[in-house]
Amino acid sequence: MKKTRFIKNHVINKASLMLLLLLSLSSQLFAQNKTVIGKVVANENDSALAGVSIRVKGTNTGTFTKNDGSFSISAPENGVLLISGVGYVNQEVSVKGTTSVTVRLVSDVQNLQQVVVIGYGTQKRKDVTGSISSVTAAQIEKIPVTTLDQALQGRAAGVQIVNNDASPGGNVSVLIRGIGSIAPGGNQPLYVVDGYPTTGGINNINPNDIATIDVLKDASATAIYGIRAANGVVIITTKKGLKNKMQVSLDVYDAIQTEPKKYDLLNAQQFAALSNEVEASDSTGTYHGLPIWHTPEALHTVDWQDAVYRRGLTQNYSIGIRGGGDKVQTAMSFGYYDQKGIVIGSFFKRYSLNLNLDYQATSWLKSSTSVKYSYQDANNPLGTGPGLFQLAINPPTLDSGSRLTYQIKDANGNYGFYNPLNPNVNKFNNPVYSVETNQYQNVTNYVLATSSLEATLYDGLRIKTNFGANVNNFSSFYLQPEDTRAAQQYPGSVTTPANYHQTINRTFEWLWENTISYDHTFGLHTINFVGGISAQKNTWTGMGGGGIPSSNLTRDLSNVTNLVLDPNIPGTNTGNGQNVYTLASQFARLTYQFADKYMITGTLRRDGSSKFDTGHKYGTFPSAAVAWRIKNESFLKAVSWLYDLKIRGGYGEVGNESPIGLFQYQALYVGNRPSNVNGGINNDNMGYPFNKIYQNGVGPGQPANPALKWETDKQTDIGIDAAFLNGALTFTADWFNRDSKDFLLQLTAPAQTGFLTLTRNVGSMNNKGVELSANYRGGSGKDFQYGIGVTWTTIKNKLTSITSGTDFVQNLGGLILNGFQGWDDFTRSYVGRPVGEFYGYQAIGIYQSQKQIDDLNANAPEGIYRPGTVALPGDRYFADLNGDHKVDDEDRTHIGNPQPKFFGGLNLDANYRAWDINLYFYGSYGSKILNYVESNLESFAKRGSEGADNVSVEYYQNHWTPTNPSNRYARALPNGGDNSSLNNVPSSVWIEDGSFLKLKNLSIGYTVPANLLSRFSITRLRVYVSSQNLFTITKYSGLDPEIGMQGGSATQNGVDNGTYPSSRYFTFGLNVTF
Amino acid sequence: MKRIKIIIIFSIVAVAGSIIIVACKKSFLNQTNTFGLPPDAVASTKDNVIKAVNAIYDTYQNSDLLKKCIWYRANFGTHDFFNWGADVFWNNYQIPSTFVGLNTLWNQFYIGIARANYALPVVAKAKENGVVDAALADRLAGEAYFLRGTMYYYLAACFGGVPLELQTGSNGLAPRSSRDSVFQQVVLDMQQAETLLWSKTELPAVELGRATKGAAYAYEGAARMWLKDYEGALAAFNNQELTANYHLLPNFVDVNEYDHQNNDESLFEIQFYLKPGDPQDWGGSWQPPGGELGWIDSFSWPNEITQQGYDYGNPALWNSYQQGDKRKLLTIVGPGDELRSPGIIAKWGGVKGYPPVVAGFASGNQTYTADDGTIINTVGTLTRPWYGDDKGRTGYVCAKKWRDPNLTGNYNGPDGKGHIFGDQNQILMRYAEVILSRAECKVRTNDIPGAMADLKLVRDRAWGGTAPAVMQDSADYKGNPGQPITDPLQMVLSEYRHELSGEYSTFFDLCRAGTDVAVEFINRVNGAVQGSYNPVPNPAPGPTHDGLKHGLYNTAITPNWTLLPIPQSARAANPNLTQNDGY
C-alpha cells in the first residue's frame, strides 16, 4: 500500500497550534522548499475530495486536489498548508518534518459555498435571499429514524417536529413557522422529493437514501410553490452517483427498545378495597361490587400494562452502490426496515428500492431519472390513545370471569375475560385476546418516479422537461373471529359476532413540468432566471366494506352476510368510487446579483386548482426578497474576525388549499343508500321504511359555497447570516411575521344550518417568531474535531379573526374523549388568543364540609351553586368567575396553552482519532398538557357507560374521605357517579407543565483504522452504539411530555389521552464503505 | 450532430408545448364530483323527489333521539319511570347541558328541519316542471310541512323557545324565538299540511307511516293548546279527518302490540324495519343515525332478563291505577305480575320462556325460581323482587316497551344469536291522546259534560266495558287509599298519566296544561320533596317495602326544570342562544 495514511498521534491544543504557526512562519524565511504529497478525504466517510484548494500560507503557491483527492505541492520545510474545500471547514496543516500528509476535512453544514436546493434550481448558500435550513446525510445518519421528518427534529430553526406518538411507522407533526391553519392536517408542509411535489407518503422513503433536506421557510423562498407553500416546503434530495468513483456502502443497525414507563396502578386487593369503601359510602345505596371483591385476599391481580408492553426490536439494513463514469452516474440502494413496537401487535416493515440515474448524453444534453419503490406493512391494533389508556383503567382482576383461567392468558392458551353479566366489568375486554386472535394487514405499494431531459440551447440557456408519476396502492383487511367463549360459559350471553373488513384504494398521480432557465454573468452582474409551467393530476379510487364472514378462515367479501360498504373509506372523506383532482400552474423566478454584494429575487406563481369553483380556481402568489452581503463592502473587507455578514429581507404571499377536500364548493345531496349502511350524520342512509317496506332517501349533504377560495399567507422575513473564525462559526437569525388570511376549515356549524359542519374560509391568524441557529466547528489538527450546533425558536401564535359568527373555534379533528361531562369541548381558540388553548373550569379545591356547600347554595340564584349536580363533601369546588354566585358554562376559561414558548435542539459532535461521539438534545419549554388520562386515573366510575375503573395508586392513597380531607383528589364515586358528580370535567386540575429536555441521541462510534481494513477492500468501517431517549427531564406526571397534535389538528394539541409512549432505544450499528 | 441537437431541442419544445395545451385547457381544472347527487338531479326525477322527503322522516329514526330525550323527558320528567346507568341525573332533574341526548335532540331536529326546508323548493320545482303530478307534489310538500311542524313541536315542548329556521341557506346564528311563536309556527305548518296531505283513506297500505291530514290536525290542536287557544284546538280535534278516520282500538292491549303496528289508532308512528337476513345483534343495522333497528325496547326490560334494565318504573304509578283498569299491567309490571302481552305469551309463554330464565332456573338460581319452587313466570316474585344486579332498581318495569317477541335482550335467542335491536315502531301520537286533549279543551271551555264524555270513551276502553263512574287512584305513593278525583282538569291529567305513561307524551301534556299545573301534579302524586336528591326507600307497603333504597327518587320538580337546558354544544356554535333559567 503506497498511499500511507498519516495519522497524528497527539492532540494539539490551540496554544500549541499558534506556537506552531509562529514557528513555521519564522522558519519559513530560512527554509528550503520541499515537495509535499498528500490526500484530502472527507472526515465522515473517508471519501476522496476532488477540487480542494491547497495553498501555502503566506505565499501565492497553490494547487487543487485531483479526482482521487491527491495533491502535490512545493512548500517550505516548516510551511503551513491552507486547505479549503466547498462544504468543508477550512483547515491549516503544518508540514514540518514530513513530506506526506492526509487531511481529513470536516463538513460544514452552514458553509457558504454549500449548494442549497431552492425549487426548480439550486443556489449557493451565500447567495440565498430567503430563509432556508439544511440538513445533511451526515446528520441524519447519527440517529436511527423511521421517517425522514423525524430526522429534522431540532435541526432546523423554526421547524417544530413533534412525535405525536411513538408507534412504529412514526406519527410526526411538522410545523414550519407556527400554526397557520386550524384544520386537521392543514399545517402539513409540501414535500418535494427529487423534484416531485407531494403532500404525503413520506414514510415510504428510506432515510438512508437522503443526501440533503432543505427546508424553505419564508414566503420569498416558498412562493415558487404557490398554492401549496403556506406551510413551508421541505425539499428532499436523494443520493446520486459520483463521477469516476465507485462506492458500496452498507448501513446496518439493530435496536432494542425498552418497555415504556408505566402508570402506578392498584393491584386486585387495593382495587377491591377501594370498591368496598365506595360501596360503604354510596349515598344512593345502589353500588355493589362483584361479590368476590368483598374478599380481596381471594383475588388474583392481572397487570394489563405488563401484558401489553414488551421489548421492541428494530432492524435496519441498507445497502447501496453509487458511482459512474463521466457520462453516466448511478446510485442504487436497497433498504429493509423492520420495527417490532413496544405494544403487542404493533410493527412497521418497509422494503425500499431507490435508483438514481444521470446521463450526460452530450455536452448539451442530460437526463436524470429517479425511481423509488417501497413496500410497507404496518399495524398498531391497540392504536394510540383510548386503546392504550384502556389498559390502565381495566379492572386489575379477571376473577369470576372465565372458569378456565383468571389470567390474561394461561399456559394452555386460554384467555381470561371479564364476567359478561356483571355491569361493573362487562364493558371491559381483554385486549391481548383481540390482538392475538384477530388478523390484520395494511400493505402499501408505493412508486415515485421522475425523469427529466435537459438541453442547453445556448451558453446558460437551458430547457428542461420533467415527467413524474406517483402510484400508491393500499390494501388492508381485518378479520375478527367469532367469540363464543363467554356465551359457552354463561348460556345465552351474547356472542361477539365475527367481522371481516377489507379496504383497497389506489392513487395514481402524474406530474409534468417544463422549465426554461437562463444563468448569465457579465462583469459584476449575475442573472438567474427560471420560468415554467406545471400540471398535476391525481386520481384516487377506493372501495371498502365488511360483514360477517362465513368462517374464521374466509376472507371473501362475496361470502359475508350483511355486507356493509363503507360510507367513507377509512382515512378519506370519500366513498366507494373515484375522485380526480388537478392542478395547473405557471411560475417564474428572477435573481439578480451585483458584485457579490447585492442580491434581489422576485418570484411569481399562478396556481389553478380544481378544488375551487369557477372564478376562484386561480391564485397568484408573488414574492420578493433582497439581500446585502455587507462583508463584501470595502469597509468590512479587512475586518478579519468577521468572515461573512449578510442581511436579508423578504415578503411574499403563498397559499394553502390542503385543509379541505374536493368539491366543497358544490351543493350536494347524499344518502340514497340501502337500509343497512350506517355512518356519520351527513352520511346517514336517509331512507325510511314505510310499513316495513324500505324506501331510499336523499338529503342535503353540504350547501353550495361558490365563494370558497384558497387561504393566503402573507409573510415578512428579516434575517441575518454571519460567519466568524474563518467560517468555523456560523450564525443565522430570522424574524418573521406570518399572517394567514381566509384560512379554510370544515368548521362545526350551528345545527340550525342543517349541517353539523360547513367548509368555509373561516378567519385569520398571525404567527410572529424569531429563529436562531449557530454552528461551530473546531478542532485541533486532524485528530480532534468537534462541532456544536444550536437551534432555538420562539413563535407567538394568535387567532386574529373568525367570520363564522362566534369569536372562538372549538376543538375539532375527531379526538373523542369519552364522557358526558363536556369532554367534547376541551379547547377553545378565541380571537386574540393562541390556537388550541385548553378550556374549562378553574378548580379551587375540594368541598370539605356540607356547610361550605350549603353556604354557596344559599347565595346562588336558584339555590344551587353548581347546577347539574348535587354536591357533597369531597366533590370538586370550581370558581365562579363571572360573579353570578353559581358555576355554569359561563364560568369556563382559558386554562393553558399547548404551544411552547420556545423549543430547540443542541447538537454536540466530536471525533478523536478513530472515535466519534454525538449528543443530541431536544427541548421544548412552556407548553401545557391536558392530562386526560389522569382524569380517568382519578375516577373509579367508568366514564361514558357503566363499570368500575382502576385508578392510580396516588389517587387511591390520597383521595378525599371524611378522615382524609384532601384538597386535590375528589372522593371516589361508584358507577354513574362520575357523570353526575361533575368532578372530572375539563378543568385546571388536569393541566400540567409540558416542558421537557430530552437526550434524543447519544452515540459513540469507532472507525476501524484503514490499514487493518485494506486487505478486505474496505475503505471505511465504523461501528457504533447509540441510545435514543436515554433520559427526559420534565415535571410532567404522565408517561411522555412529547405530545403533538392529534389527527394533525392544532385544536387538539397537547392532549394526553394515552398516546403510544416512547421509550429508550439501544442501538448497535455499523457503516461500511467498500 | 448539430442536426440531432436541433431535432432533440425541437422535440423538447414540442413536448413542452403540448403540456401547455393540456394544462391550460379550461376543462383540466373542471372535475366532476362522482359522489352524491347535485341538487338539480334531485328535482329532475320523481323518484328523487320522493327520496328527498323520505329523508326528513329518517331523522326521527334514531334511538338516541327517541329514547334518550323525548321518552326520557316524557316519563322521567313525571317520575313515572327512572333511569339506571349513566344518565341517573334525570332522576333528580340535575340534567347537565352537556348530556349527549340533548345534543342529539337539538342537532337531529334541526337537521330534519333543514331537510324539510331543502325539500320544499325541490318539490315545488318538480311540480312546476311536471316531474311529479300535482297530487303527489302536494302530498310531499304537506309531509315536509308536517314533519317540520312536529320537530318544532318537540323542540319547543322540551326547550321552550328555539330559533325558527324556515329557509335554506341559514347561517345558523338566529337567536331563540319565543315559545309561543314556535308553537304558532307549528300551527302554520300544520295548516299548510292539512291542505296538502292526503287523507288516511287515500294512503295506500304500502305508504302507511306517512303523514296524513288527520295527523296534522292532531298536532295543530296540540300546538294550539300550548298557545291556550282551546277553541281553535277543539276545532282541529273535531275535524272529520281525525274523527272519521281514526278510532280507538277495542282492546287496549292491542294498541302497543308488535302485531298491531300502524294500527287504526296510530296517528304518527316512527317506523323501524328488520331487513330480511339482517341480524338483530351488534352486527346488524342498528347504529344511529340511519339505523333501521332500535335498542329502544329491550333497554327497558329488567336487568334479570336482558342485563339491561336502563329504565324502571315507579311503584307510585303501579299503586295509582284504579281497580279494574286493564292498562295497569300493560303499562307497568312489578313483583308477582305476569306479562300480559299476547305476542310475548305466544312466543315465550311469558317471562318463563326467556333464555336466562330457562338456564337460570335449570342451574338452581333463585332469581329465576318462583316462590313455589317452579320456574318463575313473573317479573320477580313477591319475596324476591327483581331489583337488578345492584339492587338499584325499584322492581317495577315498563310493560309498554315489552312487546316485541323477537327480542331477547343481551342474551342469545334459541337461534344462538343476540336479539338486542328491534324493529318495533314507536308511536308518537295516537287517537286516545287526541281524545284526552280534546277533553282538556272542553274543560277549558266549560263544556264539562263533553269532557266527561271524552274521558269516558278512553276509560271504558281501558276497563274493556264500562269504567267506574268515580275516578280515583287505588293508592297514593305511600299506599294510602286514593280519594275520588272530581276536579275536571285533574281528571284529565290523571288520564294522561294512566293512558300515556311509558309512551312519548305524558310530561309534555302535563306541562301544556301549565307549568304550575304540571309542577303541582307531579310533586303531589309522587310525594316529592324539595332538595331530596338521593334515592329513598319505597314508603308504600308491598313487596318492595323493605326499608332499603332501590332507586326510587322523590326529588321535587321546580318550574325551571320543566324546561331542558339548551345544549352546551349548541350554545358554543351559536353564541346568540341564551340558556334557560336554572341551568
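Predicted model: local features only at pLDDT ≥ 70, side-chain atom pairs only at ≥ 80, totals over all residues.
In which order do the three strands of the open sheet in chain A stand?

View 1. Residues are numbered from 1 along each chain as its sequence is written, and chains are lettered from A in the order in which they are written. The order is S4-S1-S7 (chain A), with mixed pairing; strands are DSSP runs (E, at least two residues) numbered from the N terminus, and two of them pair if DSSP finds at least two bridges between them. Strand S4 (70-76) and strand S7 (100-105) of chain A form the edges, each pairing on one side only. Neighbouring strands of the sheet are turned by 35° against each other on average, direction ignored, with axes fitted as lines to C-alpha atoms.

**View 2. The pairing of S1 and S4 in chain A.** Strand S1 (residues 33-42) of chain A is joined to S4(A) by seven bridges, and the two run antiparallel. Within this pairing, Thr35(A) lies opposite Ser74(A) of S4(A).

**View 3. The fold of chain B.** Chain B holds 22 helices and 12 strands, a helix being a DSSP run of H or I with at least four residues. The C-alpha trace of chain B spans about 115 × 60 × 45 Å along its principal axes. Of its 583 residues, 68% count as buried (under 20% relative accessible area, 1.4 Å probe, protein chains only).

Terms used: Heavy atoms only, no water. Axes fitted to C-alpha atoms, helices over the stretch in contact; angles between N-to-C directions. Buried < 20%, exposed > 50% of the residue type's maximum accessible area, 1.4 Å probe, protein only.
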